[in-house]
Amino acid sequence: MAKNSNGNGQNKDQDLARATSESANYLTDNQGHPVGDDQNSLRAGPRGPTLLEDYILREKIQHFDHERIPERVVHARGAAAHGYFQVYESLAEYTSAKVLQDPSKKTPVFVRFSTVAGSRGSADTARDVRGFAVKMYTEDGNWDIVGNNIPVFFIQDAIKFPDLIHAVKPEPHNEIPQAASAHDTFYDFISLTPESMHMLMWVMSDRAIPRSFATMEGFGVHTFRLINAQGTSHFVKFHWKPVLGAHSLVWDEAVKIAGQDADFHRRAMWESIEQGTPFEWEMGIQLIPEGEESKYDFDVLDATKLWPEDLIPVRIVGKMTLDRNPDNYFAETEQVAFMTTNIVPGIDFSNDPLLQGRNFSYLDTQLSRLGSPNFSELPINRPLAQVSNNQRDAHMRYTINKGRVSYAPATLDGHSPDETTSARGFHSYPQDVSGQKVRVRSESFGDHYGQARLFWNSMAPVEKEHIVKALQFELSKVETRDIRVRMLGQLAQINEVLAAQVGLALGEKVQTGAKTAKPNGTADSADEIAALANASSPTSASGGLERTSGLSLEEGQPQTAKGRKVAILAAPGVAAAQVQAVQDALAAEGAMAEVVGPYLGALGDSGVEATKTFANSGSVLFDAVYVPGGAASVAMLQKQGDARKFIDEAYKHGKAIAASAEGADLVMATELGRFAQGNGGAGALAEQGVLLSKDGAALARQFVAAIAQHRFRNR
Ligand code: HDE
């Protein structure tokens with residue numbers, strides 16, 4: 001089992017709270033009383049009623065009755081891991097934050113990934129935004145970057161958040177649908193909320209169905225400030241760039257995986273860490289010096305806008321490694337409490353109205369979820385930095401504060417911690433602020449389509465096709481025609497081809513040139529939408545860029561087979577040496593392989609064992625397929641419909657396929673055989689990442705290279 005390597009060994013403070021059943025000598029109740037019989041309740045006679053006196057029964061049942069706490073109102077389904085963060089070089093030029101100074105220092109972290117809309121028991125691969133919440137236990141207290149895997153948000157102002165979430169969650173009358181945005185109330189809200197169009201494009205793109213947590217980017221979303229020791233401020237956006245590159249599933253896979261393995265993402269992270277392969281991201285920052293923010297045609301306070309990377313490059317500044325699984329899901333992953341207000345000296349907020357609202361919400365929600373202001377004393381939430389103040393009492397107080405003094409100023413005995421006079425103390429950036437009290441949206445937040453277009457234009461053709469198909473799927477599930485039509489009006493403002501293509505699946509003709517929204521709020525008539533759209537030019541709110549790097553998943557991703565999972569299809573008689581050769585080649589590149597056979601365990605006397613079967617797995621759970629030779633094995637697989645389907649489906653999903661020696665016969669027995677015959681044989685297949693060869697060693701090399709390309713979109 002992988003042991004952690006986080007900077008300070010295991011988090012010692014938290015370790016005090018860890019309990020193992022192995023070290024217990026005997027069973028007790030919660031008061032430490034030894035229990036003599038845990039199988040039978042106390043009753044009056046063997047067949048008589050149970051006695052109230054049975055404190056052991058009552059305590060056990062009562063504790064059970066109260067086991068559940070409210071699930072998170074959003075981001076209920078999550079999985080988390082421990083690890084550490086290390087900065088590459090000191091960022092003292094920009095910030096005095098201790099965690100960003102010393103490259104030799106490892107700061108412990110706990111990171112929770114989540115979906116947003118689904119309940120705790122929903123499936124991992126639902127189309128949704130993913131939460132990417134990082135808690136760093138720094139020497140100056142906890143720093144939480146409570147981000148997502150999408151760099152922008154649906155709304156500009158926190159006051160609309162309850163509406164957004166009510167709209168996307170299952171509808172209130174029948175609690176349908178679970179973990180899905182494809183329903184009337186969501187699109188009713190979205191079609192009336194032009195500011196959500198940019199985010200909608202992301203959520204309809206491949207970003208919303210990630211292959212793995214390890215292949216997701218993370219974003220702080222809001223603009224924060226970095227403040228250095230001299231008090232100079234830079235606006236900053238935080239990024240997490242996956243070391244493996246950003247990769248996604250295709251929709252058909254996502255849907256099937258939800259049925260085959262609803263825990264697909266959490267299982268992959270758990271297994272990878274258990275096997276000693278950590279999940280890694282580099283931290284990136286984009287900076288704009290305070291005072292220079294107005295030179296852009298988007299407002300840095302507007303969370304529906306990103307900073308195009310071609311305009312403001314991302315500088316890579318550090319690395320985060322997740323290498324230790326939690327010991328207990330509830331105590332750690334469920335009870336962890338992230339809060340946007342957890343920032344450290346050297347970092348500060350901006351006036352982003354969404355962030356300002358979040359700064360209220362996260363403490364508030366923990367009070368309801370965890371039940372007491374003492375949630376910060378739970379081991380997973382407790383800072384490693386010292387905590388000393390005059391706050392006292394409340395439900396479930398854990399600390400025993402000694403002495404008479406719980407106030408300041410004080411002269412009486414005991415310890416009354418004083419504010420630090422050194423620069424170490426947290427000081428807000430002394431920004432000039434003045435103005436009338438108003439409920440308005442700044443005009444600089446008024447462009448809602450420019451960056452939606454930037455995103456669309458930056459997509460590769462196959463990604464555009466996926467967005468169209470996602471919208472066709474989603475909107476065709478909307479029962480109310482008016483809502484569908486209004487959505488088409490919105491899409492037409494982004495791109496008329498997009499709107500027309502989506503319209504086809506809805507049986508609607510999109511009127512090109514039909515303008516449809518108003519800047520600060522809702523737009524419920526075509527005229528209002530028209531007025532708004534006119535204010536948005538093709539390159540507005542995008543620094544004049546029509547497209548920018550950093551958005552498409554089809555460009556600039558590292559070519560690596562690391563972390564990929566390969567199915568080796570085998571039956572009795574399989575050529576064990578070929579299996580071994582490909583397993584070695586894959587392991588050398590950090591890829592994993594599993595043998596899928598007709599049944600579990602030893603495959604005849606081949607010396608090869610199957611760890612998965614055609615009945616309990618499927619091609620969607622793997623990134624590539626290998627068919628080793630062995631005449632008897634291949635002959636048996638050829639008769640097996642599941643084996644042929646495995647290959648056909650892997651082909652359909654663009655995955656690398658390789659077959660050595662007789663293994664090629666299985667491939668040729670599928671649809672691919674017919675394709676090869678009609679298109680000039682094995683050469684045509686090879687171009688599409690289907691490799692057939694007798695030379696096992698050469699094949700293994702080519703196969704690894706093909707896996708590193710991730711998907712063959714030319715099929
Ligand atoms: Fe959250 N959000 N949010 N959110 N959010 C919560 O806090 C909220 C927003 C995000 O793994 C809740 O502890 C408001 C943006 C993540 O435990 C709650 C607004 C972003 C997580 C809450 C937003 C996020 C949450 C529910 C609009 C990306 C999961 C449980 C102003 C930057 C953290 C909880 C975890 C969770 C409120 C918008 C990310 C209710 C009011 C934007 C990753 O407090």
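Mentor: A residue is buried if 20 or more other C-beta atoms lie within 10 Å of its own. The model here is predicted.

Trainee: Is Asn 148 buried or exposed, and why?

Mentor: Asn 148 has 24 C-beta neighbours inside 10 Å, so Asn 148 counts as buried. Asn 148 sits in strand β4. Beyond the residues within four places in sequence, its contacts are Val 129, Arg 130, Gly 131, Phe 132, Phe 219 and Val 221.

Trainee: Which residues does the UniProt annotation "active site" cover?

Mentor: According to the UniProt record, an unreviewed entry, the annotation covers His 75 and Asn 148. They are spread over 74 residues of sequence but cluster in space, the largest C-alpha distance being 10.4 Å. His 75 lies in the loop between α2 and β1. His 75 is buried too, because 22 other C-beta atoms lie within 10 Å. Setting aside residues up to four places away in sequence, His 75 touches Ser 114, Val 116 and Gly 131.

Trainee: Which residues come nearest to the ligand?

Mentor: Of the 25 residues around the ligand, those are His 75, Gly 131, Ala 158, Val 221 and Thr 365. Helix α9 gives the most to this shell, with 6 residues. By class, the shell holds 13 nonpolar, 9 polar and 3 charged residues.

Trainee: Where do the buried residues of helix α6 lie on the helix?

Mentor: An α-helix has 3.6 residues a turn, so residues three or four places apart point the same way. In α6, residues 251–260, the buried residues are Glu 253, Ala 254 and Ile 257. Seen down the axis, they fall within an arc of 100°, so they line one face of the helix. These buried residues pack against α7.

Methods: Residues are numbered from 1 along each chain as its sequence is written. This is a predicted model: local features need pLDDT of at least 70, side-chain atom pairs count only at pLDDT 80 or more; totals for chains, interfaces and linings use all residues. A residue is buried if 20 or more other C-beta atoms lie within 10 Å of its own, exposed if 12 or fewer, and partly exposed in between; C-beta atoms are placed from the backbone. Helices (H or I, at least four residues) and strands (E, at least two) are DSSP runs, numbered from the N terminus. The arc is that of the directions from the helix axis to the C-beta atoms. Two residues are in contact if their C-beta atoms, placed from the backbone, lie within 7 Å. A residue is near a molecule or strand if its C-beta atom, placed from the backbone, lies within 6 Å of it. Ala, Val, Leu, Ile, Met, Phe, Trp, Tyr, Cys and Pro count as nonpolar, Asp, Glu, Lys and Arg as charged, and the others, Gly among them, as polar. UniProt positions are given in the numbering used here, feature names are shortened, and annotations may be inferred rather than shown by experiment.
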